[in-house]
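Biologist: Can you walk me through this model? I'd like to start with the ligand and then go through the sheets and helices.

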Amino acid sequence: MTERALSFGAVAAAYERFRPGYPDELVDEVLTYAGQPVLTALEVGAGTGKATRVFAARGIAVTATDPDPAMLAELRRHVPETVEVLEGRFEELPLTRSHDLVFAAASFHWTRPEGRWERVAAMLRTGGVFASFGGQHKLADPELERLVEEVWFRYVPDDDVLPDHDAPDGRMRWPGTELEASELFRDVQQSAIRRRPVSTDAEYLGQLATVSAYLQLAADVRERMLREIRDLLPTRVEIDSDITLHLARATG
Ligand SMILES: C[S@@+](CC[C@H](N)C(=O)[O-])C[C@H]1O[C@@H](n2cnc3c(N)ncnc32)[C@H](O)[C@@H]1O
């Protein structure tokens, strides 16, 4: 798991180029939920800083953390100098400061389950907010998605990193389920932000080639799989990039 969790750095530039960013609407939702000024934030698994920059743009003093030095090197090119950057896994971050907000974008599922909620709570002031968000990137056309998945799962049999991602719409998903069960958090909320960008087939394939399960495959296998998928695609594809956002407040 660790090897796979740290596979993104090898493709940091492609990650930055092909993965979608996060909308201002998401930050609005987090800040409205907070209901009081958010001055400081700690980000877990910041990667190339796609979420860092939208929170920093609101004047929040963000400390961006990630264990992968290659991702952080890319991040430094895209975030303002006011962002503090710290290399480290969530599990080893110092618990010396409490923040108004702790957030994780498409990264919290990579952290070790044992003690993770105690650590988040220790990073937050009483009433501070935890936000976790991310989403699948599927083709919006269900028949085309089915055909692509058929090829994908022929090469990548075990791709179950994100718990619960197939839960029916509206049902509480992970990590909301764990937050609800924890006495360290209250007011757990789940919401969805709709995103349907249109990409070229090359952009879609570029994004697919940044997925950790793909990065585990041998080079020749990767090439064969991408070729098979490319043959299925029209030149432009609509992507279902809906974001699921979980919010909770530290009881303190
Ligand atoms: C899919 S990327 C998401 C990057 C970025 N947050 C975004 O939304 O674009 C997952 C990130 O989690 C980081 N990561 C992996 N294991 C981690 C851990 N134990 N603690 C914190 N971050 C971790 C990886 O290095 C990678 O940058």
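**Ligand shell and fold**

Modeller: By class, the residues around the ligand divide into 12 nonpolar, 4 polar and 6 charged. Keep in mind that this is a predicted model.

Biologist: Which residues come nearest to the ligand?

Modeller: A5, G45, G47, A105 and W110 do, out of 22 residues around the ligand.

Biologist: On to the sheets. What is the order of the 7 strands in the open sheet?

Modeller: The order is β3-β2-β1-β4-β5-β10-β7, and the pairing is mixed. The edge strands, each pairing on one side only, are β3 (84-87) and β7 (185-193). From one strand to the next, the twist averages 20°.

Biologist: Which residue of β5 is opposite H99?

Modeller: L124 stands opposite H99.

Biologist: And what about β5 and β10, parallel or antiparallel?

Modeller: Antiparallel: β5 pairs with strand β10, residues 243-250, over 6 bridges.

Biologist: Which strands does α5 lie across?

Modeller: Helix α5, residues 69-76, lies across β2 and β3, and its direction is at about 170° to β3. Helix α6 also packs on the sheet, where it touches β1, β4, β5 and β10. The direction of α6 makes about 125° with that of β5.

Biologist: Now the sheet of 3 strands. What is its order?

Modeller: That open sheet has the order β6-β9-β8, with antiparallel pairing. Its edge strands are β6 (138-139) and β8 (198-200), each of which pairs on one side only. β8 is joined to strand β9 (residues 236-240) by 3 bridges, antiparallel.

Biologist: What angle does α9 make with β8?

Modeller: About 90°, with α9 lying across β8 and β9.

Biologist: Staying with α9, how does its axis cross that of α11?

Modeller: The axes of helix α9 (residues 201-208) and helix α11 (residues 219-230) come within 11 Å and cross at roughly 145°. The crossing of α9 past α11 is right-handed.

Biologist: Which residues make that contact?

Modeller: On α9 they are D201, L205 and L208, and on α11 they are L226, I229 and R230. By class, the contact of α9 with α11 has 4 nonpolar, no polar and 2 charged residues.

Biologist: Change of topic, the backbone. Is the W174 to P175 peptide bond cis or trans?

Modeller: It is cis, with omega near 5°. P175 is in the loop between α7 (142-155) and α8 (176-181).

Biologist: And what is phi of A106?

Modeller: Near 50°, which is a positive value in a residue other than glycine. A106 is in the loop between β4 and α6.

Biologist: Why single those two out?

Modeller: Because most residues other than glycine have a negative phi, and most peptide bonds are trans. If you are checking geometry, look at the bond from W174 to P175, which is cis, and at A106, whose phi is positive.

Note on methods: Residues numbered from 1 in each chain as written. Predicted model: local features only at pLDDT ≥ 70, side-chain atom pairs only at ≥ 80, totals over all residues. Near = placed C-beta within 6 Å. Nonpolar A, V, L, I, M, F, W, Y, C, P; charged D, E, K, R; others polar. Pairing = 2+ DSSP bridges. Helix = DSSP H or I, 4+ residues; strand = E, 2+ residues; numbered from the N terminus. Axes fitted to C-alpha atoms, helices over the stretch in contact; angles between N-to-C directions. Left-handed = near helix turned anticlockwise from the far one by under 90°. Contact = placed C-beta atoms within 7 Å.
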